[in-house]
Amino acid sequence: MSLYLWFGLMVVTSSIWLLWFLYRPLQNNMFNLEKSNISLGKQKQAELERDLQQNLIDKDVFKQAKDEITQTLAIELSQTTGASTDNQQPISFWLSGLIVVFLSVASLGVYQFLTPKDAPSTKAEQTVQPAQPPSLEQSMAELKQYLIEKPDDFEAWQTLGLVSFELNDIEGSLDAYERSYQLNSKNVSMLVEYASAIATSQNDQFTGRASTLVREALEIDPNAPDALYLAGLVAANAGQFNLAKKVWQRALLLLPQDHPDRLILESILVELAQIQGEPIPEHQVVINVTLSERLRKAEFEDHYLMIYIKAAQGRPMPIAIQKIKLKDFTGVVTLTDENSVMPSKKLSQSRQVIAVVRLSQSGAAMKQVGDIQVISQVIDVRDNPTLDLQVE
């Protein structure tokens, strides 16, 4: 049933109720004034007769008072009858009709006013087609048109450089990045992208201008993971593999645990170890330590990070340990037999152990007040486990 039909039924019902209310004889809840006045008149006459019998008044006074009561009663009865007649006059039929018509028209007008004017009339009109994202070619055309009107928007030039790079227009990408660089040479993300574009044009060699841009990015933000990653590539291009390893480990430390680039860096570090021909120990424990943003501040740089392995049960003495100043920490520690505290008890000889990471201002062997400590679950050294621990 449509809304208009429901609305029509409501108007008809309301009109019928209004007509019934106007023409229904109203019940008078007031006292019957006519009967009350007659009773009061009879009571006054009886009182006069008692006064006459008791010789309180004479016959002349009695007659005069009785005439006054009779006249007063007659006047009141005539007024009561007239008022009753006036109050029960019915409302005109035409007036009632006008009221009903006015009520219907006013209700319909209010309904039309409250109804949305742009409501769709068909289901087809209600279906909203999802907007298709513009293609890279369309985005490039729009960016170029925008830059004609606003050529000083360095972010737009940077975006144009990235879009051109994705479309394999390396020359156009380099030109756009250079315009962005001239407008704002302190934007780290632009410097990293520009360096990558230059390296691509140089057969993936991070030398010359690409190396310079990476250095400029690190001077602005030494903790930018993208810039550190490129810095590792620059070092590897120069044959400085130890430096590349250190830089990539620091970049790994700064990346969140769930960041997809962590897997890339970890695989690169494994390949670098194979290139360098590093011997893989028979048993080892690799511990990736992630520091919270608070602990990366300058006030913690001279704190000591102690990472060690101890028995899960028994004596709390470390079996193998590394002690590093926080400012020198790269994010990953590998504990082997070389880090064993006692020559008679090697790490490889241990089985059920736990890893402990403790941040201490003093660097004392025993835990001090204010130290921050994280403990791993029980592990077996024979499994050569790799742990991820978060220090808040």
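Q: Which residues does T334 touch, not counting residues up to four places away in sequence?
A: This is a predicted model. In it, T334 touches Q284, V285, V286, Q322 and N339.

Q: Where does T334 sit?
A: T334 is in strand β4, residues 332-335.

Q: Is T334 buried, partly exposed or exposed?
A: Partly exposed, because its relative accessibility is 31%.

Q: How far is T334 from Y308?
A: Their C-alpha atoms are separated by 10.0 Å. Along the chain, T334 and Y308 are 26 residues apart.

Q: Let's zoom out. How many helices and strands in the protein?
A: 13 helices and eight strands.

Q: And what share of the residues is buried?
A: 32% of the 392 residues count as buried.

Q: What about contacts between residues at least 6 apart in sequence: what share joins residues at least 24 apart?
A: That share is 57%.

Q: Back to single residues. Where is T290, and is it buried or exposed?
A: T290 lies in strand β1, residues 285-291. T290 is buried, as its relative accessible area is 3%.

Q: What is T290 in contact with, leaving aside neighbours within four places in sequence?
A: L253, L255, Q257, R262, R296, L389, Q390 and V391.

Q: R262 is in that list. Which residues of α13 are buried?
A: R262 is one of them, with L265, I268, L269 and L272. They lie on the same side of α13, because they cover an arc of only 125° around the axis.

Q: What do the buried residues of α13 pack against?
A: They pack against α11 (225-237), α12 (241-254) and β1.

Q: Which exposed residues are on the face turned away from the buried side of α13?
A: L263 and Q274.

Q: How far does α13 reach, end to end?
A: The helix has 16 residues, 261-276, and reaches 23 Å from first C-alpha to last. That is close to the 22 Å expected at 1.5 Å a residue.

Q: What follows α13?
A: G277, whose phi is positive, near 70°.

Q: New topic: α8. Which of its residues are buried?
A: I170, S173, L174, A176, Y177, S180 and Y181. Their arc around the axis is only 165°, so they are on the same side of α8.

Q: Which exposed residues does the face turned away carry?
A: On α8, that face carries E171, D175 and Q182.

Q: What do the buried residues of α8 pack against?
A: α7, α9 and α10 (209-220).

Q: What span should α8 have, and what does the model give?
A: Its 14 residues, 170-183, should span 20 Å at 1.5 Å a residue. The end C-alpha atoms are 20 Å apart, which agrees.

Q: Now α10. Which residues are buried there?
A: A210, L213, V214 and A217. Seen down the axis of α10, they fall within an arc of 100°, so they line one face of the helix.

Q: What covers them?
A: The cover for the buried residues of α10 includes α8, α9 and α11.

Q: At what angle do α7 and α9 pack?
A: About 30°, with the axes 11 Å apart. α7 spans residues 154-166, and α9 spans 188-201.

Q: Left-handed or right-handed crossing?
A: α7 passes α9 in a left-handed crossing.

Q: Which residues meet there?
A: From α7, Q158, L162 and F165. From α9, S189, M190, E193, A197 and T200. By class, the contact of α7 with α9 has four nonpolar, three polar and one charged residues.

Q: Last one: F300. Where is it, and is it buried or exposed?
A: F300 is in the loop between β1 and β2 (304-311). F300 is buried, as its relative accessible area is 10%.

Q: What is F300 in contact with, leaving aside neighbours within four places in sequence?
A: R294, L295, L326 and L359.

Q: And how far is F300 from K327?
A: F300 and K327 are 8.0 Å apart in space, C-alpha to C-alpha. In sequence they are 27 residues apart.

Definitions and conventions:
Residues are numbered from 1 along each chain as its sequence is written. This is a predicted model: local features need pLDDT of at least 70, side-chain atom pairs count only at pLDDT 80 or more; totals for chains, interfaces and linings use all residues. Side-chain values use heavy atoms; hydrogens and water are left out. Axes are lines fitted to C-alpha atoms, for helices over the stretch in contact, and angles run from 0 to 180 degrees between N-to-C directions. Helices (H or I, at least four residues) and strands (E, at least two) are DSSP runs, numbered from the N terminus. A crossing is left-handed if the near helix is turned anticlockwise from the far one by less than a right angle, and right-handed if clockwise. Contact means heavy atoms within 4.5 Å. Ala, Val, Leu, Ile, Met, Phe, Trp, Tyr, Cys and Pro count as nonpolar, Asp, Glu, Lys and Arg as charged, and the others, Gly among them, as polar. Buried means under 20% relative accessible area, exposed over 50%, partly exposed in between (1.4 Å probe, protein chains only). The expected span of a helix is 1.5 Å times one less than its number of residues. The arc is that of the directions from the helix axis to the C-beta atoms.
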